Amino acid sequence: MGSPVSLQSILTKCKSFTTRRREAREKEIRKLVRVIKKTMQLQNREVKGIGDIKFTVGMRELNAFKAENESRRAHGDSYFVRVRKDIGSKNEKVNLWFKLVSDKEEFMTDIVLGSTQPRHKHFFFGEKEGYKPIMHPQMKGMSASDPNLCIWFKKEARQLRHISDIQVSHSKEDEVNLQKRNYEMLSINLSKFGCGYCKIWLLWTSTHLMRLTDCDHIQKELKEYTEFLAKTPDDPILQKMVSKANFRLKEAQLREEDHARDIPGDDLVYTKEFLALKPTELKKMRFVYKRYIDLDKAGKVSVEEFATFLREPLSLCSFLRQVFALALGNVDAQSDSNKSPMFNLGSTLKAVSVFCMLSSTDVLKFIFSCYDIKGYGIIDKAAFYDLLELFHPRHQDDRVHNALKEIELPADGTLQFVFFENLSRRFPHLLYPAFRVQHKLRQKFMGVRWWKRKLEMYDVAYQRVERDKKRENAIESMERKQRYEMAEALNNEDGNFFDVQERRRKKNRSTTPSR
């Protein structure tokens with residue numbers, strides 16, 4: 001007699017091909033779910049912005065609103081955060097409160113300070129321009145001592161940056177500290193509106209834009225300021241800007257060092273986890289690198305060798321460097337000298353995997369971010385022409401030349417991402433080389449169909465993560481409400497709360513219909 005056959009092996013043989021394929025797909029999706037959850041925990045990618053602002057005038061209203069706000073927070077509902085310093089007035093203490101939200105359509109994207117009095121020098125009426133007002137009944141300037149401040153805000157979902165924090169400065173020292181932390185000041189002093197002698201500062205955050213690491217952007221900004229300072233070394237404004245950029249660079253480097261401790265140090269391990277690769281798939285990607293890129297078997301390749309592998313002109317090497325920088329951070333750290341940086345197998349596969357997983361919109365955001373050094377969501381005309389020069393040297397392409405004749409750039413010489421995106425749709429040939437690079441990489445590594453399937457599975461996994469997150473938030477909210485109700489009941493009932501018979505009598509009295 002032969003060896004006994006296990007029940008598991010019999011069931012496996014009986015399974016249809018479709019069932020086995022569905023189970024394999026489900027297993028891969030579960031792996032991607034774990035990767036996405038881990039990435040979200042490590043990088044804390046949830047973007048928050050200010051969705052509402054409120055005034056409180058006087059200590060009585062402040063204490064009442066504070067109690068109401070604490071109750072709302074204890075119940076797990078959305079709540080307001082008080083700005084640390086008040087904006088004052090002649091008679092009453094005036095405080096600012098703001099509410100943080102996660103819905104990008106609710107982010108405030110612009111704020112204008114105005115007076116409620118039509119004859120005031122700083123009167124502003126913004127309803128025709130899409131602004132909405134935030135006022136207080138006691139801040140309409142009805143008497144000489146009343147403030148007359150009105151905050152006008154706008155919410156535009158397609159804007160690339162939003163307001164994520166508000167602070168108030170009372171002294172020069174406050175202003176210096178806020179400048180170092182990259183806050184921007186609203187130019188009008190609040191004393192003009194009958195408030196205290198202070199100013200409002202806003203912190204802007206990128207909403208949709210895909211950026212390189214903060215260190216890379218700040219280093220570019222610092223290099224630009226240093227070059228200007230070399231020409232005019234006595235300029236006090238440039239000296240402050242260089243000092244501020246150095247301060248921000250140190251903070252960003254410390255943040256990246258902390259983050260680096262939490263992510264896999266091996267780029268090859270990162271790639272395997274990021275794409276949930278099977279051993280056979282990783283073997284195929286390794287084969288492409290060793291057979292077609294690392295021709296001299298040195299174990300490292302340059303950007304020029306990578307361009308040769310893709311059969312792209314060497315003029316695109318600066319763009320390919322940005323592709324590596326997107327995944328690896330500062331690519332200059334990969335070089336032992338002033339020569340072109342060299343990339344090993346892990347670094348190359350990590351760059352390929354990150355760039356190939358970008359959607360078409362993400363590719364546009366990535367290109368835009370390469371020239372948006374400060375991350376403000378705008379680039380100037382000179383940067384736009386540099387971008388075209390990169391993809392189309394000397395604008396030799398007739399189609400590009402004709403497109404430039406038709407393009408009407410904004411009068412102020414700056415391009416927002418919305419305008420940039422519309423241009424790419426009208427004239428797809430302008431940025432086609434970037435998409436061509438992505439298509440070639442997908443073809444050479446695993447094939448276009450494989451990447452399309454991987455993107456679809458990532459979407460499914462991301463939707464599951466979002467669904468799980470909503471369910472967890474709902475459970476946490478319910479638990480907070482139950483704890484609050486329990487504490488409230490203990491406070492009201494004293495010792496009778498634990499008397500079961502007394503609680504039953506009360507329940508029966510409340511449910512018994514009156515005659």
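**Entry 1: a pair in helix H15**

I began with Glu421 and Arg425, which sit four residues apart in helix H15 (residues 417–426), so about one helical turn separates them. For the helix limits I went by DSSP: helices are runs of H or I with at least four residues, strands are runs of E with at least two, and the numbering starts at the N terminus. Glu421 and Arg425 form a salt bridge, and their closest N and O atoms are 3.3 Å apart. I noted what counts as one: a side-chain nitrogen of Lys or Arg within 4 Å of a carboxyl oxygen of Asp or Glu.

The cut-offs I used: buried is under 20% relative accessible area, exposed is over 50%, and partly exposed is in between (1.4 Å probe, protein chains only).

**Entry 2: what I am looking at**

I reminded myself that this is a predicted model, where local features need pLDDT of at least 70 and side-chain atom pairs count only at pLDDT 80 or more, while totals for chains, interfaces and linings use all residues. Residues are numbered from 1 along each chain as its sequence is written, and side-chain values use heavy atoms, with hydrogens and water left out.

How many salt bridges does the structure hold? I have eight in my notes. One of them joins the side chains of Arg464 and Glu26, at 2.7 Å from N to O.

Then I went to helix H4 (residues 172–180), where Glu175 and Lys172 are three residues apart, about one turn of the helix. They form a salt bridge too, with the closest N and O atoms 3.9 Å apart. Glu175 is buried with a relative accessible area of 18%, but Lys172 is exposed with 58%.

I also wrote down a network of salt bridges that links Glu312, Arg436 and Lys440.

**Entry 3: a sheet**

Next I looked up an open sheet of three strands, with the order S4-S6-S5 and antiparallel pairing. Its edge strands are S4 (110–115) and S5 (132–134), each of which pairs on one side only. From one strand to the next the twist averages 30 degrees. For such angles, axes are lines fitted to C-alpha atoms (for helices, over the stretch in contact), and the angles run from 0 to 180 degrees between N-to-C directions.

My rule for pairing was that DSSP finds at least two bridges between two strands. S5 and strand S6 (residues 149–154) run antiparallel and are joined by three bridges. Which residue in S6 is the bridge partner of Lys132? I found Phe153 there.

**Entry 4: two positive phi values**

Last, I checked two loop residues. Lys297 is not a glycine, yet its phi is positive, about 60 degrees. I placed Lys297 in the loop between helix H8 (279–293) and strand S10 (301–302), and it is exposed, with a relative accessible area of 59%.

Met446 is also a residue other than glycine with a positive phi, near 80 degrees. Its loop runs between helix H16 (432–444) and helix H17 (448–493). Met446 is partly exposed, with a relative accessible area of 21%.
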